[in-house]
Amino acid sequence: MAGATSSCVFCAIATKSTSNTLLHSDDKVVVFQDINPSAFRHYLVVPVAHIPTVKDLQRKTDDYSLVSHMLDVGKMLLHRDAPQCQQYRFGFHQPPLNSVNHLHLHCLALPYTPRWRYIKYLSFGPLGFIEAEKFLEKIKPLPTVQSKV
């Protein structure tokens with residue numbers, strides 16, 4: 001995982017080099033509204049560290065912890081800002097269908113607006129949208145096996 005990349009728009013937002021309004025900021029992530037929202041509320045949770053895509057994450061404790069934190073922050077903000085919504089979605093677009101090469105979690109308080117936007121959040125196996133909980137299972141660190149020698 002590398003530091004900020006000068007050509008990455010999300011790195012500029014994460015390092016507060018733009019005028020974007022941040023909904024949340026901590027040492028690991030920043031959160032802001034999607035500029036082209038697909039739902040009643042549509043937030044992006046972006047790691048401060050430049051990580052290109054979900055394909056760059058592995059079954060490591062640090063990666064699992066980061067994605068878990070991203071999900072926790074996204075859930076907290078949507079439940080705070082859209083408590084009346086009865087359905088939420090949290091997930092990632094997988095390459096080649098991701099729009100920005102900087103990891104970002106889509107946090108959606110439904111309904112979709114307009115309705116046809118649900119198409120962008122369909123899963124196509126290894127392509128398309130992957131739910132955050134499903135992705136966490138995919139990168140959950142394997143238990144360590146201690147030999148008794």
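Start by selecting Val30, which stands opposite Val46 in S3. This is a predicted model, where local features need pLDDT of at least 70, side-chain atom pairs count only at pLDDT 80 or more, and totals for chains, interfaces and linings use all residues. Residues are numbered from 1 along each chain as its sequence is written, and side-chain values use heavy atoms, with hydrogens and water left out.

Now show S2 and S3: they run antiparallel, joined by 5 bridges, and a hairpin links them through 5 residues. (Strands are DSSP runs of E, at least two residues; helices are runs of H or I, at least four; both are numbered from the N terminus. Two strands pair if DSSP finds at least two bridges between them.)

On to Ser25, which stands opposite Val30 in S2. S1 and S2 pair in the antiparallel sense over 2 bridges.

Is S2 enclosed or open? It is largely enclosed by the rest of the structure, because 4 of its 5 residues are buried (under 20% relative accessible area; exposed is over 50%, partly exposed in between; 1.4 Å probe, protein chains only).

Zoom out to the open sheet of 7 strands, ordered S1-S2-S3-S5-S4-S7-S6 with antiparallel pairing. Its edge strands are S1 (24-25) and S6, each pairing on one side only.

Next, select residues 88-94 and 127-131: these are S4 and S7, paired antiparallel over 4 bridges. Here Phe92 stands opposite Ile130 in S7.

Finish at Phe124, in strand S6 (residues 123-124). Phe124 is partly exposed, at 48% relative accessible area.
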